[in-house]
Amino acid sequence: MVPALALTVDGMRKAGACAQGGRFIVLFDPNRLIAAIARSGDREAFAALFDHFAPRVKGLLMRGGASAELAEEVAQETLLAVWRKAALFDPAKASASTWIATIARNLRIDIARREMRSRLSQVYEILDEEAPEQPDATLSGAERDARVRAAMTQLSPDQYRVVELAFLEGFSHQDVANRLAIPLGTVKSRLRLALSHLRGRLEDLR
């Protein structure tokens with residue numbers, strides 16, 4: 001759970017605030033905040049970092065094409081990683097912004113890889129749905145996914161694109177037709193040919 005605390009005067013001091021003419025001027029210093037988290041698990045410092053960076057990370061991911069829901073999830077995971085890994089931050093190697101952006105990028109890549117593995121497995125399950133069970137021929141998920149991915153590269157560009165949109169990106173057949181500006185019947189025809197081709201290429205896995 002995210003430690004969510006309001007930033008107090010003490011927290012403002014930790015963030016680098018100073019008083020001028022009776023008013024606090026906050027000089028946001030993420031290095032000091034991360035150091036406070038690493039040193040003592042300072043929740044006020046974390047709250048200040050979260051409030052500053054979570055919206056920025058989410059915006060960065062959305063500009064990169066992530067959905068709002070996914071961007072929100074990754075932004076929260078990123079800041080929680082900052083909480084856990086604060087002691088590893090070295091300001092001599094990278095700025096706090098760069099370090100946090102790198103964590104967000106790596107988390108996004110990990111999620112994309114998990115999604116791709118899941119979708120490749122779905123392609124294989126469709127190909128395998130009529131095949132008899134052969135326990136002795138079982139391959140690891142990674143090996144099977146690699147074979148499916150390699151087989152897909154042998155499809156024609158038109159067939160590859162409809163498989164990519166329908167299975168890897170999850171669009172309905174009608175949405176695929178709309179995106180490619182081709183008739184629905186053509187989409188279905190290309191999918192049938194592509195799946196037939198893939199079954200032939202992956203016969204030894206079935």
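Contact is defined here as heavy atoms within 4.5 Å. The structure is a predicted model, in which local features need pLDDT of at least 70 and side-chain atom pairs count only at pLDDT 80 or more, while totals for chains, interfaces and linings use all residues. Residues are numbered from 1 along each chain as its sequence is written, and side-chain values use heavy atoms, with hydrogens and water left out.

Apart from residues up to four places away in sequence, His197 touches Gln154 and Leu155. The C-alpha atoms of His197 and Leu155 are 7.5 Å apart, although 42 residues separate the two along the chain. His197 belongs to helix α9 (residues 184-201); helices are DSSP runs (H or I, at least four residues) numbered from the N terminus. With a relative accessible area of 29%, His197 is partly exposed, where buried means under 20% relative accessible area, exposed over 50% and partly exposed in between (1.4 Å probe, protein chains only).

Helix α2 spans residues 30-40 and contains Leu33. The buried residues of α2 are Pro30, Leu33, Ile34, Ala36 and Ile37. Seen down the axis of α2, these buried residues fall within an arc of 155°, so they line one face of the helix; the arc is that of the directions from the helix axis to the C-beta atoms. An α-helix has 3.6 residues a turn, so residues three or four places apart point the same way. Arg39 and Ser40 are exposed and lie on the face of α2 turned away from its buried side. Leu33 counts as buried because its relative accessibility is 0%. Its C-alpha atom is separated by 9.4 Å from that of Ala86, 53 residues apart along the chain.

Ile34 is in contact with Leu49, Ala86, Phe89, Ala96 and Trp99, leaving aside neighbours within four places in sequence. In the largest nonpolar core, which has 30 residues, Ile34, Leu49 and Trp99 touch the most other members. A nonpolar core is a set of buried Ala, Val, Leu, Ile, Met, Phe, Trp, Tyr and Cys residues joined through side-chain atoms within 4.5 Å. Two or more residues of this core come from each of α2, α3 (43-63), α4 (68-85) and α5, and α3 gives the largest share, nine residues. A second, separate core has 21 residues, among them Met152, Val163, Val187 and Ala194.
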